[in-house]
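Q: Hi! Could you walk me through some charged side chains and a few annotated stretches in this one?

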Amino acid sequence: MDEQHFIRLLENILTPDTERVKAATASLRKNYFSSPLALTLLLQVLTTHDNPQLRQLAAVEARSLVPRHWNSLPAEQKSQIRASLLRSTPNEQTGLVRHSSARVISAIAKIDLVDGEWADLPSLLQSAAMSPNAGAREVGVYILYTLLDTLEEELMGKLSEMFTLFGRTIKDPESVEVRINTLLALGKIATIIVPDEDETALEAFRATLPDMVAVLKEVIQSGDDDRTMLAFEVFQTLLGCESSLLATHFRDLVLFMTELGASRNLSDETRSQALSFLMQSVRYRKLRIQGLRLGEKLTLKALEIATEMKDLHEDDDVVTPSRSALGLLDMLAAGLPPSQVIVPLLKALPLYVDNPNPDYRRAGILALGMCVEGAPDFIATQMKDITPIVLRLLGDPEIRVRQAALHAVARLADDLADALGEEHEAFIPALLKNLDSASVPSSNKAEEEWNLDIIKASCNAIDSFIEGIGKEHAASYLPELVPRFTRLISHPDYKVKAGAAGALGSIAAAAEDAFLPYFEAIISALSQYVTIKDSEEELDLRSAVCDTMGSIASAVGAGPFQQYVQPMMEASEEALHLGHPRLRETSYIFWSTMAKVYEAEFGHFLDGVVKGLFESLQQEESALEVELGQEAKDFLGSEITIAGKKIKISTAGEGPSQGKPKDGQDSKRDSEWDIVDEGVDGDDEDDDDAWDELGAVTAVAAEKEIALDVIGDVLSHTKGKYIPYLEKTVEIVLGLVEHSYEGVRKAAIGALWRAYACLWELCESDQMAKWQPGIPLKVQPTTELVKLGEVVMTATLAIYVDEVDRGTVTDINRNLAATLKLCGPAILTYNNAVHEITTCVLSILRKQHPCQQDMGDQEEVESMQESSEYDWLVVDTAMDVILGLSAALGTTFGELWKIFDKPILKYAGSSEALERSTSVGTIAECVQNMGDAVTPFTASLMKMLLHRLSDEDPETKSNAAFAIGQLCDKSGDANRVVSNYNTILQKLEPLLHTQSHRLSDNAAGCVARMIIAHPENIPIDEVLPPLVQALPLKEDFEENKPIYEMLVKLYGSGYQTDRALTTQLIPVFEKVLSPPQEQLPDETRAQLVELVRYLHKQEPALMAGSEVLMRVVSGS
């Protein structure tokens, strides 16, 4: 090998001549780099050449060749190279070269140490780290840092020595490089500390943490962006380590990061990194933040930062502190209880929305919009105060404030459509005023850009708002809305066209068949966009139009849309092959809509539909090669954030595909990219296209989630037509149950449960007897149901116990509860299901399920009285599972109630009204379902329910009335029940006259059940008149059944009812025997009809004035 020619080629790479660089690169790769001698020559250049640029290039290329050629070198030569590198690197005068040379030593050491060679290196490095030579210290600490993974086992026994060393180097008086390298090393050590097994290491780390923070402060103050980023990454890493490492300093650390994020003297990048740390803290340590009551401070500080929002337009995608602050508010609202986020936000809101500075007004309304998704139930209770604010800002003189208000309307309507829709008479004119004013052409370019933003925001706001106002009101706005948005379909801006199409779809969905007069014209206007495909903008628009077509089909129904089905199906199938993820998703959703509209008639499209969905679900989420510079190798084995997603970067040969996969897991990688280095400049190379593709990998998972939801819709609505595809569907879906993306896991489990429910309904309609509660089973399911049931339950239990995503657990709860109520106990007979489900539900009630844990101090969890609305939803749906179990098991549920009794009663005593009302409602329905099995629990339940009958919360009080009625009816402990009758009646009497309809209805139902259960122990003459005065029921029609059955029994038993009371009942009977039919079950209706005929026979004049009752009497 020609050594001089080799060096000349390296020198050519450093020239500014592109052609010479390409030629030299090609020659090196073809003629030199395949030989081990190239590695030795590069290392020789690195250690001896006088040109620092050449030494740097040699270091970068040598490092890339070490894995390929190091073991091919003779032992003696390797020993000489090691010694040479250890001599030259500390003495290297150029910092970048010294750093790169240290990386070469690290690359060699990672091979040697595994092979049992270079055993004295760790001690040499520790000596170097204490050298009087700053360069030696930099190299020693840096290489120790890079080798910590390799040396983990050896270090576990020497952590005390390492902390002694790093305790000195973190405060190095001479070199910031030593300090920052020490910080990196301590971050790595934090990942291997096991506090329960090594308390000394824990205390040593805690003692070092203030010095680590000092390094972060130092690099921030120096303005060194690269080192600042590295330092922030260390602290981000600490959030994923054992919680006790940060425990004593966590509050101070959060407050420090909060001040950094709020400091306008710092760079936007530094502030955004601090806010990112806070967001990750809320994500991973929300319980700790809640326990320290930091939510209010974070909320108010984020609100303050949001006032810095620049005049960025819709299409701008710049990360700024103000946008990061809004993201933090979103996470706070979703992760913490309303008292720590929404309450302080609403208290501060007037200071912002009434501020003369428009930036404050905009920040206030944007913050409100960002928080609604995380706490919709609480915000719904505050709409009386919020609505006037939103309406006022929709008419703000500043266009940027109006734009923010429009965004807030869209977000509020997404989650609170009904509550917001009640004010449609004020909102619709305000929204249209914004739309109309922005539609006036302007010669001013800046004003025209703002107008475009207002038009798009108005489209989105009306799109979200209109579906919450009800059919009749929506229909009344059609003449005002449809012409405006029809015109906008012809707007030159593609995003405006798409926004207008979306709004028309929602308008149609809200107006339903009232949209028919506009149907043909709108379809004609949209049809031109159904097959466009010549640009990304056109495909985006086509996607929006596909969505709208589905909404219109749902609105007008199967008949009017029939002629458009075939061309739309053809267009949707073509759309799958145009390389546009969103268009594929909307095509799947269109299929779902068509299945809902046409049901069995959709069957002849199933071949193509199922084929497309299967292809989506079977897409490979394969390895992706990304060319990155050498310095980007720091990402290896770590997580990076791309488009808001945490992505794990693995090297080739690492990651989940290596070795044997765990049982039941997909052996394919879900997110792995091989990082390859074919660059030569080492530090600056980047490939934007490759990074763009990283998003596409996550898009595949998102598409699979939608495809799974659509499969569930299609099979549920086409029913028997789907049976030929069911077995293959289950096979494919099973492979996705343990997918790495929680959305796919959730949708896969949901699809399996829908398949089971669909097959059950088909079997029941095909002569299988209706299920009966209890185990052993009284009705045996078909062979097909047994097989599918075992598959579904096995798949569910495989993730239910350990699932960390609360949304997935919530959905599992919902599926279990709904299926148990629909299909009964058969599904519980597989795989010890009752025990496994009970164990999971109990852990949820105790807030000990993995999805309720974070990386904070878990001892705080159960003691916390408050929770976020999303966290409560997990508990709420777990109580639904208990209801499902009680419905499926009937009287045999009594054994399980022994397990659930105390946890449920604990919630019934909560300081939170929602928890009390939900748990009391759960008790009521469980008593109803388990029948006389409730008898042993009568005393404890009666005591608690009597207390709740005086609850300050009307919903809790109403549920308590319902529960007491059930307990009186079902319990076999007659003496204990009857002994409480007087107390119950005293508490119920005022409730019969309350203005709360549901409370009055349930009180009336309770009295009726008490009379039915023990008529001899109740003063009927005193009780009946106030009960009759509460009739007819206004809201809770379920309570009509006991009331009218009680009246039928009283009249049938010969009870002498006062004639005046009977006269009062005649208009009541007329009301309940009139529409709507759901006021009475058929059996009760028949009994009441017979009573009416009896009373007419006794005294015909009673009903002379009622046409309804006279028709009942005559049987017409």
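A: Happy to, bearing in mind that this is a predicted model. Glutamate 1090 makes a salt bridge with arginine 1093, and their closest N and O atoms are 3.3 Å apart.

Q: Where do glutamate 1090 and arginine 1093 lie?

A: Both sit in helix α50 (residues 1082-1098), three residues apart, or about one turn of the helix.

Q: How many salt bridges does the structure hold?

A: There are 48.

Q: Which residue does glutamate 174 pair with?

A: Arginine 137; their side chains form a salt bridge at 3.1 Å, N to O. Glutamate 174 is in the loop between α10 (159-169) and α11 (176-190) while arginine 137 belongs to helix α8 (residues 134-147), so the pair ties together parts 37 residues apart in sequence.

Q: What about burial for those two?

A: Glutamate 174 counts as exposed, because its relative accessibility is 56%. Arginine 137 is buried, with a relative accessible area of 8%.

Q: What does arginine 1009 do with glutamate 1039?

A: Their side chains meet in a salt bridge, 2.6 Å from N to O. This pair links distant parts of the chain, 30 residues apart: arginine 1009 is in helix α46 (residues 997-1013), and glutamate 1039 is in the loop between α47 (1020-1029) and α48 (1040-1052). Arginine 1009 and glutamate 1039 are both buried.

Q: Changing topic: which residues gather in the patch of negative charge on the surface?

A: Asp225, Asp226, Asp268 and Glu269. The elements giving two or more residues to that negative patch are α13 (225-238) and α15 (268-284).

Q: Take aspartate 225: how accessible is that one?

A: Aspartate 225, which lies in helix α13, has 42% relative accessibility, so it counts as partly exposed.

Key: Residues numbered from 1 in each chain as written. Predicted model: local features only at pLDDT ≥ 70, side-chain atom pairs only at ≥ 80, totals over all residues. Heavy atoms only, no water. Patch = residues over 30% accessible without salt bridge, like charges linked within 9 Å, V, L, I, M, F, W, Y side chains within 5 Å. Areas by Shrake-Rupley, 256 points an atom, 1.4 Å probe, with all protein chains shown as cover. Salt bridge = Lys/Arg side-chain N within 4 Å of Asp/Glu carboxyl O. Lys, Arg positive; Asp, Glu negative; His and termini not counted. Charge placed at Lys NZ, Arg CZ, Asp CG, Glu CD. Helix = DSSP H or I, 4+ residues; strand = E, 2+ residues; numbered from the N terminus. Buried < 20%, exposed > 50% of the residue type's maximum accessible area, 1.4 Å probe, protein only.
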